[in-house]
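The stops below are given in the order to select them.

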Amino acid sequence: MPMPHNDDIATRTAPAAILFDCDGTLLLTADLHFTGMEGAMQRQGLEMPRDWYMSLTGLDRTRLFERFMADFGVAADLPRLVADSVALTVMLAAQAWENPLVAALARAATGVLPVAVVTNSEGEIARAFLREAALLDLFDAIITVEDAPLPKPAPDLYQIAAARLGAAARDCLVLEDSEQGIQAAEAAGMRWIDVRSAEWPDQCNALMARIEAGMAVSDLN
C-alpha cells in the first residue's frame, strides 16, 4: 500500500478545496457493490471471487467486468451486467454507512471550503448511497463516472471537479483509498492522502484544526 508522498500535508497547509472519493473513503460500501455485481453475474451463470474483486475496487463497473472476462476467459452480456448491477446495488442503499472520520472532515469543511465527491460509481448509486447516509447535501458537486470520458485512474474526473469548484488543481486535496484513485489524483497534479494509512487519523485531526482555525479567522473579518 503506498503511503502519502506528502505526510505533513494536513499540518502544513489547508487546501483550497477537498475532493472526496466515495466508496471506501467517504462511505463503507465495498460489500454493497460486490453484492450487486455478484447478483448481476449470477444472472448470467457466473461467479465473481470476492478476493479478486477487492483487489480492484478502484475500477469503474464497466472496466471491472471487462477485466473479469479477460482474467477468467469467459464471455458475458456486458451492458446487461452493468445495468443489472447498478439496479441491484441501488436497492442496497439503505445499508450504506459513513466512514466516520472522513465524514467528520466533510462536515467540518462544508461551508468553509468547496467540497466535492469524485467517484467511479454511477450517479444513481452515488446519490442514493449519500442520501441514505445523510451526506448528500454537504457537497457542492457530485462528480460521477458519467461526467468524464475516462474514469480513474485517468485524471479526468478530478480535473472536472476542480473546474466545477473553481479551484486550481495544485490547491486541491484528494482523499482516496485505492491505487487507481491515487494515480488519478497524481495525474491531475493534486495533493492526496490515502485514508488507509496509519497516519490518516492524525492527518485528519490536523486538517480539521486548520479548517476550524480558518473559519475562526473568517468570523473575525
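In which loop is Ser121 found? Select Ser121: it lies in the loop between β4 and α7. This is a predicted model, in which local features need pLDDT of at least 70 and side-chain atom pairs count only at pLDDT 80 or more, while totals for chains, interfaces and linings use all residues. Residues are numbered from 1 along each chain as its sequence is written, and side-chain values use heavy atoms, with hydrogens and water left out. Helices (H or I, at least four residues) and strands (E, at least two) are DSSP runs, numbered from the N terminus.

Ser121 counts as buried because its relative accessibility is 4%; buried means under 20% relative accessible area, exposed over 50% and partly exposed in between, with a 1.4 Å probe and protein chains only. Now show its contacts (heavy atoms within 4.5 Å). Leaving aside neighbours within four places in sequence, Ser121 touches Asp23, His33, Arg61, Ala126, Thr144, Val145 and Glu146.

Next, select helix α2 (residues 30-42) and helix α4 (residues 61-72), which pack at an angle of about 55° with axes 12 Å apart. Axes are lines fitted to C-alpha atoms, for helices over the stretch in contact, and angles run from 0 to 180 degrees between N-to-C directions. The two helices, α2 and α4, are therefore oblique to each other; angles under 35 degrees count as roughly parallel, over 145 as roughly antiparallel, 65 to 115 as roughly perpendicular and the rest as oblique. Show side chains at this contact: α2 supplies His33, Met37 and Met41, and α4 supplies Arg61, Leu64, Phe65 and Phe68.

Stay on α2 and colour its buried residues: Leu32, His33, Phe34, Gly36, Met37, Gly39, Ala40 and Met41. Their cover includes α3 (50-54), α4, α5 (78-90) and α7 (123-132).

Move to α7, where the buried residues are Gly123, Ile125, Ala126, Ala128, Phe129 and Leu130. These pack against β2 (27-28), α2, α4, α5, β4 (115-118) and β5 (141-143). Just after α7, pick Ala134, which takes a positive phi of about 60°.

The last stop is Ala148, in the loop between β5 and α8 (156-165). Is Ala148 buried or exposed? At 13% relative accessibility, Ala148 counts as buried. Not counting residues up to four places away in sequence, Ala148 touches Asp156, Leu157 and Ile160.
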